[in-house]
Amino acid sequence: MEKATAPPLDIETMRESARRLLADDAEPPMPEELETLTLLLRGHMMLAIPEVEIAAGRQPKDDIPRYCALACVGEARMRLNLEPGRTLPAGIAHAQRLARSVNALCDHLVNLGGDHS
């Protein structure tokens, strides 16, 4: 039986989701849009974390980019466990932190030569 392989991550879509919150000219999202964006970013992180770990695992143990990527994974996991605040500004700040993690995970995946599109 052949093992099914997951399709490559869509790095550009992941980055576009993050830009929605981080671009200089980004409009603050409405509460219902914020919930959707937050869930989308969390999903991106859940897909990217194992891919970054795999790509980092291919590097030598003393490799600095490997160490940095694994530190980013640890930070991303920590952010996944945080709850957003109850106010709209606190929710936006939380989603922006998730968006920065998505960008960082994408950067590490690309830098480590992980499987991506």
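This is a predicted model: local features need pLDDT of at least 70, side-chain atom pairs count only at pLDDT 80 or more; totals for chains, interfaces and linings use all residues.
Let me begin where two helices meet: Ile11, Met14, Arg15, Ala18, Leu21 and Leu22 of helix H1 are in contact with Ala95, Gln96, Ala99, Arg100, Val102, Asn103, Cys106, Asp107, Leu109 and Val110 of helix H4, where contact means heavy atoms within 4.5 Å, and where helices (H or I, at least four residues) are DSSP runs numbered from the N terminus. The residues of this contact divide into eleven nonpolar, two polar and three charged; here Ala, Val, Leu, Ile, Met, Phe, Trp, Tyr, Cys and Pro count as nonpolar, Asp, Glu, Lys and Arg as charged, and the others, Gly among them, as polar.

Residues are numbered from 1 along each chain as its sequence is written, and side-chain values use heavy atoms, with hydrogens and water left out.

Returning to the pair, the axes of H1 and H4 are 9 Å apart and pack at an angle of about 150°, the axes being lines fitted to C-alpha atoms, for helices over the stretch in contact, with angles that run from 0 to 180 degrees between N-to-C directions. H1 and H4 are therefore roughly antiparallel to each other, a term for angles over 145 degrees. The crossing of H1 and H4 is left-handed, meaning that the near helix is turned anticlockwise from the far one by less than a right angle.

How do H2 and H3 cross, and how close do their axes come? Their axes come within 10 Å and cross at roughly 155°, which makes H2 roughly antiparallel to H3. The contact involves, among others, Met45, Ile49 and Val52 of H2 and Ala69, Leu70 and Val73 of H3, and its residues divide into ten nonpolar, one polar and five charged. This crossing of H2 and H3 is also described as left-handed.

Met14, not counting residues up to four places away in sequence, touches Leu9, His44, Ala48, Val102 and Cys106.

His94 is in helix H4, and it counts as buried at 3% relative accessibility, buried being under 20% relative accessible area, exposed over 50% and partly exposed in between, with a 1.4 Å probe and protein chains only. Leaving aside neighbours within four places in sequence, His94 is in contact with Thr38, Arg79, Leu82, Glu83 and Pro84. His108 lies in H4 (residues 88-111) and counts as buried at 17% relative accessibility, and, with the neighbours within four places again left aside, His108 is in contact with Val52, Cys68, Ala69 and Cys72.

Notes
Angles under 35 degrees count as roughly parallel, over 145 as roughly antiparallel, 65 to 115 as roughly perpendicular and the rest as oblique.
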